[in-house]
Amino acid sequence: LRPRLAETMVRFVALLLVLIPVSGRAECPLPSPSVCRLTGSATEGPFFEPSQPNREFLCTKDPNFYSTEITRLEMSAHVFDQDCSLVVAGAKVEVWQADSTGYYRDESLCRSTVYTDDTGRYKFMTLHPGKYRLGRGFRPAHIHFKVTDQEGRYRQLTTQLYFEGDTHLFPNDACYGC
């Protein structure tokens, strides 16, 4: 059972999104906890809708928004260039996810467009997304991101954030090509 809202600690999820320049190729440095590395791409999926308004808190119309058993997430990230030496200020970050019941409903308002500040940082609040059935299995809970450098210096990045401990992560993800 999930803890009640009054007892629920808001999860803080930090992301590091690294973009590849349009005019060149970037090599991934060796993986290390202290080294920045390129963010992998993932499928956009069928539920992307461009031109969403900026929302500080997503999913405000989720059927379970006022439930005392919903986990709320504070998302915060920085967008860097491929060398992790420059922040990408003014990047457009489009975010979308399923609501807590696993549906991509427009009326749930689980979509937003946010922008990085001068330090390359963006943030928003949301609810933990639900899983949804795909074929005979389930997709793990995830949040989609599409990052675009407004000045066109870097390639657009589309990726997904998954949650550690989800029993439907690879190899149990029903979407093998995601």
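Is Tyr104 buried, partly exposed or exposed, and at what relative accessibility? At 13% relative accessibility, Tyr104 counts as buried (buried is under 20% relative accessible area, exposed over 50%, partly exposed in between, with a 1.4 Å probe and protein chains only). This is a predicted model, in which local features need pLDDT of at least 70 and side-chain atom pairs count only at pLDDT 80 or more, while totals for chains, interfaces and linings use all residues. Residues are numbered from 1 along each chain as its sequence is written, and side-chain values use heavy atoms, with hydrogens and water left out.

**Aromatic pairs**

- The whole structure holds 9 aromatic pairs (ring centres of Phe, Tyr and Trp, the latter by its six-membered ring, within 6.5 Å; planes under 30 degrees apart are stacked, over 60 edge-to-face, the rest tilted).
- Phe47 and Tyr104 are stacked, at 4.1 Å centre to centre and 10 degrees between the planes.
- Phe47 lies in the loop between strands E1 (11–18) and E2 (72–80), and Tyr104 in the loop between strand E3 (92–97) and E4, so this pair ties together parts 57 residues apart in sequence (strands, E, are DSSP runs of at least two residues, numbered from the N terminus).
- Phe47 is partly exposed, at 32% relative accessibility.
- The rings of Tyr104 and Tyr132 have centres 5.7 Å apart and planes at 75 degrees, so they pair edge-to-face.
- Tyr132 belongs to strand E6 (residues 132–134), 28 residues from Tyr104, and Tyr132 is also buried.

**Charges over rings**

- Lys146 sits over the face of Phe48, 4.0 Å from the ring centre (NZ of Lys or CZ of Arg within 6 Å of the centre and within 35 degrees of the ring normal).
- Arg72 is placed over the face of Phe65, at 5.4 Å from the ring centre.

**Nonpolar cores**

- The largest nonpolar core has 25 residues, of which Met75, Val93, Val95, Tyr122, Phe124, Ile143 and Phe145 touch the most other members (buried Ala, Val, Leu, Ile, Met, Phe, Trp, Tyr and Cys joined through side-chain atoms within 4.5 Å).
- E2 gives the largest share of this core, 4 residues.
- A second, separate core of 5 residues includes Phe48, Trp96, Ala98 and Tyr132.

**Thr113**

- Thr113 is in strand E4 (residues 111–115) and counts as buried at 6% relative accessibility.
- The Thr113 side chain reaches the backbone oxygen of Gln52 at 2.8 Å, a polar contact (N or O atoms within 3.5 Å; within protein, one able to donate a hydrogen and the other to accept it, with sequence-adjacent residues counted only if both atoms are side-chain atoms).
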